[in-house]
Amino acid sequence: MNIFMLGWEFPPFISGGLGTACYGLTRALSDLGHRVIFVLPQTVSTEFTTHVTLRTPAAVKGFIPGVTSYRLDEFDNVEFRSVPSTLKPYGPAGPGGMETVHHTGSTVTSETTDPHAPTTAGVSGSVISTGSKNLNAVAHYDGDMVGETERYAAVAVALARNENFDVVHAHDWMTYPAGIAVAQVYRKPLVVHVHSTEFDRSGEHVNQRIYDIERRGVHMADRVIAVSHFTRNLLLGRYGISPDRVEVVHNAIDTNGKLPLPSTIRRDEKIVLFLGRITMQKGPEYFLQAAKLVLQHEKNVRFVMAGSGDMARGMIELAAELGIGQKVVFTGFLRGDDVDRVYKMADLYVMPSVSEPFGIAPLEALSHDVPVIISKQSGVSEILTHVLKVDFWDTHEMANKIIAVLRHPPLQATLREHGSFEVNRLTWKDAAGGCVQAYGMAMGQYGRKRP
Amino acid sequence: MASVCFYFQVHQPYRLRRYSVFDTDHNYFDDTKNGEICRKVATKCYLPANQCILDMIRVHEGRFRCAYSITGVALDQFATYHPEVLDSFKRLADTGCVEFLAETYYHSLSFLYSREEFNAQIELHQKKMMELFGKKSTVFRNTELIYNNDVARAAHELGYKAVIAEGADHLLGHRSPNFVYHPPGQQISVLLKNYRLSDDIAFRFGNRGWAEWPLSTEKFAGWVNQVNGCGYTVNLFMDYETFGEHQWTDTGIFEFLYHLPGAVMSLPENDFKMPSEVVAAYPPIGEFDAPHLISWADTERDLSAWLGNAMQSNALQELFNLEQAVKAKKDPELLHDWRRLTTSDHFYYMCTKYFADGDVHKYFNPYESPYDSYINFMNVLDNVAARIR
């Protein structure tokens with residue numbers, strides 16, 4: 001099968017689990033013999049410092065000025081196209097981000113400003129674009145990104161003209177407009193893959209424009225893939241999709257059969273790790289409140305918060321307010337070897353997410369032999385049994401469990417032993433198989449819908 | 001001639017309440033939940049089943065006979081939460097057709113950790129039997145039928161005439177569980193559970209996917225009759241909660257129980273015997289050699305349900321490490337609390353075997369996970385330790 005896949009991050013350009021998921025999925029699809037054209041909204045730099053080893057890009061074909069095309073050696077059947085863009089969907093976009101993007105000389109024209117409008121022009125006809133007129137019209141924060149999604153859609157449509165594909169697969173809201181446009185212009189079925197929703201990221205304070213894009217995306221799609229039952233339920237409840245259109249494909253992890261090296265660091269202090277974006281969704285304040293409670297009973301413990309995000313400064317202040325500033329370390333955003341290193345140092349990983357569609361990081365922790373506490377408000381808790389689970393708001397219980405893990409080596413040993421066994425059973429191959437099944441259903445439905 | 005020997009196990013643990021590391025009080029047990037469960041099981045099982053057995057004894061004019069083993073912690077909870085259950089057991093005792101086996105008061109694994117505590121708990125249980133039913137037991141059963149040659153020796157030293165064990169295939173080989181055996185070099189008799197026929201009732205009775213479903217009393221009596229000539233006694237040992245709780249009333253389990261004696265005794269050479277009568281009637285025909293520990297649990301018939309992972313052995317070890325210090329305190333309440341922690345169920349809840357698959361272990365587990373149960377138990381144990389210091 002030929003898949004036209006729209007993503008927005010890919011190792012090494014990741015801010016969260018989505019890039020990791022796209023990496024695992026595309027590689028497994030490639031291994032299964034499917035051909036993937038993967039479109040990225042970012043310029044590829046040569047600075048490869050991630051924990052995922054990427055080889056040098058091979059052939060660079062320039063279909064479109066400004067679009068880079070390359071191949072990764074380990075991905076036999078995956079081609080990458082990247083579009084210069086500044087999509088930063090998970091963090092507040094900085095002001096003026098748009099000015100740095102120049103989009104000159106492309107074949108993209110600006111005949112229509114509505115990327116969702118069905119086009120009658122067909123493959124060779126007009127494509128969709130964003131002119132500077134639009135860009136100026138949109139507001140500063142979400143406007144930047146919403147405008148970007150439209151421009152990304154235009155480029156994707158142009159890019160798709162030279163491609164041969166059976167199905168369009170779009171990952172998360174930033175790519176939905178592009179997915180819808182490509183699917184409509186080239187008359188192909190659309191599968192959208194929901195890795196997170198606006199309700200996860202923003203709680204009840206949803207950005208209406210983003211919600212609208214998400215809603216439109218999941219309704220226009222022929223099939224919807226949710227990363228968990230947690231997310232599926234949210235889609236049914238908040239987006240009004242009919243249950244028979246959504247299926248669950250859980251994420252996985254690449255363990256490569258490698259055993260983690262035992263930590264050689266000798267120390268008296270135990271380390272409890274938070275690793276993830278420091279944003280509302282991830283519940284960093286609950287981690288600190290639990291830390292405060294733990295420190296009342298256990299002195300030799302340090303809490304490490306690895307990650308960046310709009311709440312990072314606030315958390316530094318909160319740690320100080322709680323009087324535990326000297327026991328909490330903020331590392332900033334970690335990449336590559338540093339991620340490995342911090343896992344190896346950790347005695348325990350805690351994911352206190354308020355609303356976590358999936359949560360790949362706990363799988364990474366388990367594959368590094370680190371025991372894990374996760375919030376029950378997460379998709380990953382559906383597939384893990386050998387972990388400790390708490391409600392994110394129950395900081396007393398979180399502290400109770402943190403202390404238990406720190407105090408009782410037999411608990412750590414049992415969690416590790418069974419946890420690593422369990423995590424090894426989760427494979428991207430199974431996840432890719434789930435996607436292929438969804439493609440098949442989307443194609444079948446599409447055929448019936450439009451004979 | 002085939003005898004049918006029923007023994008029903010009656011047990012309810014004192015379940016712990018959620019006890020966090022931040023708790024400091026000494027109220028470890030979940031009175032509300034324990035009371036609820038006790039009353040629920042009494043209504044669904046103990047009271048109707050006792051009535052059924054009483055009726056059977058009367059209808060068959062004393063020719064139906066059976067045995068119970070009731071733990072001290074179950075009896076204590078009946079007294080607190082539903083005294084009517086005690087009265088109904090007393091009525092059964094008064095018929096003279098029911099006997100009560102000896103076991104550890106707290107349904108504990110003490111045999112594995114402290115012979116002193118093991119003996120003490122059996123003695124406590126015997127006192128309770130005398131007090132409630134006016135009889136001393138002559139047959140011993142260890143918690144969860146945990147057994148080896150040493151258990152037999154210990155029971156013999158305490159004066160018991162017989163001990164109950166699982167009829168484990170790997171020890172019996174081609175031999176039948178339907179005879180009485182003795183341990184190597186010992187005089188005490190061993191009664192072995194016929195697990196096939198026992199489990200047909202206890203586990204498979206209501207299973208519509210089972211080839212023998214529905215199980216009629218005639219069919220079952222036919223299987224009993226097949227024993228004639230190659231055995232003396234069919235030992236049907238099972239949890240009493242089989243009736244009405246594990247097998248619901250609508251499976252017809254009570255009707256089955258009620259009509260079984262008639263079906264079995266339609267062959268005049270068949271009868272029902274209590275364990276002590278089996279021992280008196282049939283001499284041991286050979287050796288049952290159990291150098292290693294066995295039990296009646298799971299397919300493994302070993303100790304892995306209570307001692308299968310590091311958490312379980314750690315919790316048990318830490319618990320029994322406190323024994324002498326707890327006793328030295330001479331504080332009856334502290335000792336009773338500590339002893340209620342020796343109940344095997346606490347360690348069963350920590351079992352990680354099959355946990356991911358969800359099965360019988362999950363059904364009996366009040367915790368969301370074995371890890372939660374370990375954490376809770378260790379928090380309680382920490383508090384017990386603090387009371388000693």
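In this predicted model, the buried residues of helix α17(B) pack against elements of both chains: β14 (388-390), α12 (395-407) and α13 (409-424) of chain A, and α12 (310-321), α14 (332-341) and α15 (345-348) of chain B. Helix α17 of chain B itself runs through residues 370-388, 19 residues in total. From its first C-alpha to its last, this helix reaches 27 Å, close to the 27 Å expected at 1.5 Å a residue. The buried residues of α17(B) include Pro370(B), Tyr371(B), Ile375(B), Phe377(B), Met378(B), Val380(B) and Leu381(B). Asp372(B), Ser373(B), Asn376(B) and Asn379(B) are also among the buried residues of this helix.

The contact draws 16 residues from chain B and 18 residues from chain A.

In soluble globular proteins, nonpolar side chains tend to be buried together. Here the largest nonpolar core has 247 residues, and the members that touch the most others are Ala156(A), Leu273(A), Leu348(A), Ile402(A) and Val163(B). Helix α3 of chain A (residues 142-160) gives the most to this core, namely nine residues. Leaving aside residues up to four places away in sequence, Leu273(A) touches Val304(A), Ala306(A), Val342(A), Ala346(A), Leu348(A), Tyr349(A) and Val350(A).

Technical notes
Residues are numbered from 1 along each chain as its sequence is written. Chains are lettered from A and ligands numbered from 1 in the order in which they are written. This is a predicted model: local features need pLDDT of at least 70, side-chain atom pairs count only at pLDDT 80 or more; totals for chains, interfaces and linings use all residues. A nonpolar core is a set of buried Ala, Val, Leu, Ile, Met, Phe, Trp, Tyr and Cys residues joined through C-beta atoms within 7 Å. A residue is buried if 20 or more other C-beta atoms lie within 10 Å of its own, exposed if 12 or fewer, and partly exposed in between; C-beta atoms are placed from the backbone. Helices (H or I, at least four residues) and strands (E, at least two) are DSSP runs, numbered from the N terminus. Two residues are in contact if their C-beta atoms, placed from the backbone, lie within 7 Å. The expected span of a helix is 1.5 Å times one less than its number of residues.
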